[in-house]
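Please read these notes with the model open beside you. They go point by point.

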Amino acid sequence: MKAMKSLLKSGDTEKIVFFAGVSRQKEIYVMAANYLQSLDWQNPEILKNIISFYTKGRALESLSTFYESCAQVEIDEFENYEKAFGALTEAYKCLSKAKPKNVTVQERKTCINQNKINSHEKIYTCKKSAQCS
């Protein structure tokens with residue numbers, strides 16, 4: 001843990017990714033993923049590492065939150081409802097697989113996420129049908 005904290009302070013992304021990959025500790029994976037989110041995570045390599053580290057660290061709630069952030073960026077910056085819908089679907093899958101620490105909070109998050117998916121699906125369908133007309 002001390003080594004990872006030192007690497008995080010240094011900001012050397014390449015070494016952080018390497019160390020997390022060889023450490024095989026859940027906490028290290030999560031620390032690395034959290035750090036990578038502070039970077040330009042739209043870079044495909046960083047995106048892949050974030051998803052991989054959260055998955056290996058079994059931090060499915062954090063991964064779900066990350067997918068929700070991805071969906072929001074797709075909508076706000078690119079108006080790409082198709083990708084946003086895909087990201088929200090992945091977020092929902094992660095929440096469904098997560099072992100809840102607090103069942104009522106997870107149920108609420110899952111319900112909210114499902115509502116977002118339904119809303120974005122409707123918007124995407126409307127935009128798609130408007131483009132076809």
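The notes below cover a record entry, a helix pair and a group of rings.

1. Start with the source. This is a predicted model. Keep that in mind at every point.

2. Next, the annotation. An unreviewed UniProt entry lists residues 1-53 as "domain: IF140/IFT172/WDR19 TPR". In the model, that span is 79% helix and 0% strand. Its end C-alpha atoms lie 15 Å apart.

3. Now look at α3 and α4. Their axes are 8 Å apart, and the packing angle is about 150°. Angles over 145 degrees count as roughly antiparallel, and α3 and α4 are therefore roughly antiparallel to each other. The crossing of α3 past α4 is left-handed.

4. Which residues make this contact? From α3 they include Tyr 29, Val 30, Ala 33 and Leu 36. From α4 they include Ile 46, Ile 50, Phe 53 and Tyr 54. Find these side chains in the model.

5. Turn to the rings. The count comes to three aromatic pairs. One of them is Trp 41 with Phe 66: the ring centres are 5.1 Å apart and the planes stand at 70°, so the pair is edge-to-face. Trp 41 sits in the loop between α3 (26-37) and α4 (44-56), while Phe 66 belongs to helix α5 (residues 60-78), so this pair ties together parts that are 25 residues apart in sequence. Trp 41 and Phe 66 are both buried.

6. Phe 66 also pairs with Tyr 67. Here the centres are 6.4 Å apart and the planes are at 45°, so the pair is tilted. Tyr 67 is buried, as is Phe 66.

Definitions and conventions. Residues numbered from 1 in each chain as written. Predicted model: local features only at pLDDT ≥ 70, side-chain atom pairs only at ≥ 80, totals over all residues. Heavy atoms only, no water. UniProt positions renumbered as here; feature names shortened; annotations may be inferred. Helix = DSSP H or I, 4+ residues; strand = E, 2+ residues; numbered from the N terminus. Phe/Tyr/Trp six-rings, centres within 6.5 Å; stacked < 30°, edge-to-face > 60°. Buried < 20%, exposed > 50% of the residue type's maximum accessible area, 1.4 Å probe, protein only. Axes fitted to C-alpha atoms, helices over the stretch in contact; angles between N-to-C directions. Parallel < 35°, antiparallel > 145°, perpendicular 65-115°, else oblique. Left-handed = near helix turned anticlockwise from the far one by under 90°. Contact = heavy atoms within 4.5 Å.
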